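This report goes through selected local features of a protein structure. The sequence and the 3D view come first, and the description follows.

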Amino acid sequence: MPFRSLSDIQAQLNAGERTAVEVAQLYLDRIKQYNDDLNAFVHIDAEHVLAQAQASDAYRADHEPRPLEGLPIAVKDIFCTQNGPTRCCSNILEGFEAPYDAHVITRLKEAGAVLVGKTNMDEFAMGSSNETSAFGGCKNPWNTDCIPGGSSGGSAVAVAAGLTPAALGTDTGGSIRQPAALTGLVGLKPTYGRISRRGIIAFASSLDQAGPMTRTVKDAALLTSIMSGHDAGDATSVADAPNFDWLTACEAKDMKGLKIGKPKEYFIDGMDEEVRAQVEAALKKCEDMGAEIVDISLPHTEYAVAAYYVIAPSEASTNLSRYDAVRFGHRCDNPEDLEDMYARSRDEGFGDEVKRRILTGTFALSSGYYDAYYLKAQKVRTLISQDFKEAFEKVDVIATPTSPIPAFKSGEKTEDPLTMYLSDIFTIAVNLAGLPGLSQPCGFAQGLPVGLQWIAPAWQEDKILAAASAYENATDWHNQHPKEFGGET
Amino acid sequence: MSWEVVIGLEVHCQINTKTKAFCGCSTEFGAEPNSQTCPVCLGMPGQLPVLNDEAARKTILTGLAINANINLESKFDRKNYFYPDLPKGYQISQFAVPIVEGGYIDIPTKDGEKRLGVTRIHMEEDAGKSMHEGLDAVSHIDLNRSGIPLMEIVSEPDMRSADEAIAYLKQLHQIIKFLGVSGADMEKGQFRCDANVSVRRKGEPLGTRTEMKNMNSFRFIKQAIEFEVLRQIEIIEDGGEVKQESRLWDSVKNESRSMRSKEEAHDYRYFPEPDLPPLRVTQEEVDNIKAGMPELPNQLRKRFETEFGLSAYDADVLTQTQALAQWYEALVAAHPANPKQCANWLANELLGRLKELGKDISESPISAQALASLLDRIADNTISGKIAKDVLDAMMESGKDVDTIIDEKGLKQVSDTGAIDSMIQEVLDANPGQVEAYKGGQDRLFGFFVGQVMKASKGKANPAMVNQRLKELLG
């Protein structure tokens, strides 16, 4: 049961084999049992969870079940929720309780979901290992000495260890796909503009996008279909976005006629050889299923990380200005004057990585440097989009490794931010171009999960859902789960 | 050597939308502190701005009224700085590509019209208000104003005196009120001005400028500029250098003081606002806005002069507000015989009386129709112009129509020759000495007889007839 997919649980609920309360209780028990070891959740309100489940059972008694009726879903601490704290795993948001739900939270609630709790994350989503959380890092259930990836590490661990069947993350430079890859899950970052950002605490506005982390491709499609759609409260949420039937898109059984681009820049020296071998094997499998593998080039890939680490901190430096201790959150004791209140409150409230990025961004935007950094980075961004556009004239989808390496040991890279930034080297370009990307499990390296990343043109998530579903159907990687947290199945 | 003054002005004008620039909060003035706020204008985590189209429409209208170009695609930027009344830590503004660029305003000067350039108009959001008074050692913040839409109207440095600056501001103020895009109430801070002032010896390059911040009265702006000009000239003549700085005008002490110098000036780190897509409007939308534009004061003035034969002075008075101009046109429509007389009676008599009551033309107790009937009674000799003024007083007070008042008070003009002749005869009989003197050549006494006759008739005798008959009877 703990490792069942949403659709399996849904089938059981619909068949009357279990109630939403039973399902919720099962996961609450597992959270109780394992969360101290894993630190996946930073806030749980069991009573509230059961109350939602009861309400769902009551609803089901009188109505046709809604699309997510009674399904437990955990959310990253970056989503504002009216119930309980929302802190983005930062001390600066000490005591903050949002008086509103994020738009996607409202959608999930309206679809009948049971919200399980808030999951751990890198502070303000800045990190690739979940080690910058103010509440401490969380552990990879496949090897608890290792990090689970980040920044949506808590959501990844919660699903991977069977503490919830699905969770929401956000992806600014790979923060859904990379931890999904490192913990053996499906993680989808939809096209920028498909899902409203309202009520999601901003990191880098032009890159952030929410998405699901699930056990199966179909579950990811199900959740995304609920989360997506125009929101008049977010000017970057696209009205009349091209759409399709999300669940039908997951019914592909083979890959006949599918042209898969294999970019040479994503199979580089220095990447883990086992990871490379697993992804190559996955592509071979796709070929066996009828796909054609086409060698392509995305020539500006090498500049993506540099451009990202100018643009994202620039936006973050101003997005985080609102944490000024005036209206909410942490305020230092006995400030001498206004300057002192700002400086000390922010110094005490923000962790090192967040400060590093605020400073980087402030510098990049400062007068005299704007053209050399921010403007230049935006030009690179345009070139990267152009690369993808040209590639998609030749192929339907692109396949790459999600991460160049499997999960590394906790503490191994914390002293070297630049090496850490390279963890996202294969995911970042997708955000810069605003494209959809999906990671799914495709094997193991050193006993740790390896992720296969699919990239499609904007608004064509159906293409990657079809490819990923066909692959999932033909393989068994998604049915593996960490033995240490086995429980009963 | 003579000095030349160079002045450029930045006007911040609140746009009178019902809701704020980027959220649905009310913009009404004077509500309980922080009662008109929501998570968006409070800068709460995760909240996003959505542009109020009405603010854009009104900015475009203003741009069209000052003959400017409308950018069909403009962009929003963030202007970053920390201040407690700025909830997000940045203000959403337009920096690189504003919605309006390159217009002008013509002002009257003694050497004829002068054209003053307007560099740009951009949209931005207002900040909140910090309150320090009466709260010992703590400051409070009212964020009701946070997010109210503003137009920032930036002029070229084309003004050469405080008087030109004031003429520009008054013209702009008037246009904005005509367009109905802002209440432009200066006391409520809806129309505020920063003045950039520098001086140079004629022919030399521009001098160092200072910026006088946030003034909201024409009188203070004039005083501040004049003070600043003298201060700068004095510094230079004493061999010193003007410091580039922001200054505040202290209207109590009648002097300016330094606010912050360039060294501590902010680096605003402008960059494109990623939460808002570029603002796109079509030429068709711009044309539609243009089609709905009211007649502007300059056009109205010229039309009043040519169509109604008004003096430049009268035309100016009657185009001060749209309501007044419309009232005048209604009056002329109801009494088309004499537009000039209409102007006199409106500008001198009615406005004078309204002013004493502290009322606006829109609050006039009598209608244009009613004033027109009063003028009709003068024209048809029912009453004299002098009596008409008393009738107007009575109309203002009671609201009764002109004929009722004339009847009730028995003010009908006496135009009957017999009655007038007998009144004249009585006066002549009572003043034999003066009759003698007049006949002896003292022509000035004619006025005395007229006055006596009018007095005897209690002002009701037709003055033209009195004149005529007096001449005849005095022989």
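The model is predicted, so local features need pLDDT of at least 70 and side-chain atom pairs count only at pLDDT 80 or more, while totals for chains, interfaces and linings use all residues. Residues are numbered from 1 along each chain as its sequence is written, chains are lettered from A and ligands numbered from 1 in the order in which they are written, and side-chain values use heavy atoms, with hydrogens and water left out.

**Salt bridges**

Over all chains, the structure holds 54 salt bridges (a side-chain nitrogen of Lys or Arg within 4 Å of a carboxyl oxygen of Asp or Glu).

| Lys109(A) | Asp101(A) | 2.6 Å |

Helices (H or I, at least four residues) and strands (E, at least two) are DSSP runs, numbered from the N terminus. Glu245(B) is buried, with a relative accessible area of 7%, and Arg231(B) is buried at 18%; buried means under 20% relative accessible area, exposed over 50%, and partly exposed in between (1.4 Å probe, protein chains only).

Arg353(B) counts as buried because its relative accessibility is 14%, whereas Asp393(B), at 37%, counts as partly exposed. Salt bridges that share partners also join Arg197(A), Asp234(A), Arg78(B), Glu273(B) and Asp275(B) into one network.

Strand β4 (residues 77–80) of chain B pairs with β5(B) in the antiparallel sense over four bridges; two strands pair if DSSP finds at least two bridges between them. Three strands of chain B form an open antiparallel sheet in the order β5-β4-β15. Its edge strands, each pairing on one side only, are β5 (90–93) and β15 (271–272) of chain B.

**Surface patches**

Patches are made of residues with over 30% relative accessible area and no salt bridge; like charges are joined within 9 Å, and nonpolar side chains (Val, Leu, Ile, Met, Phe, Trp, Tyr) within 5 Å. Phe363(A), Tyr369(A) and Tyr373(A) make a nonpolar surface patch of about 290 Å². Phe363(A) belongs to helix α11 (residues 352–365) of chain A and, at 40% relative accessibility, counts as partly exposed.

**Backbone details**

The peptide bond from Gly150(A) to Ser151(A) is cis, with omega near 5°. Ser151(A) lies in the loop between β3 (114–119) and α5 (153–160) of chain A. Ala125(A) is in the loop between β3 and α5 of chain A. Phi of Ala125(A) is near 65°, a positive value in a residue other than glycine, and at 2% relative accessibility Ala125(A) counts as buried.

How values were computed. Accessible areas come from the Shrake-Rupley method with a 1.4 Å probe; for residues, only the protein chains shown count as cover.
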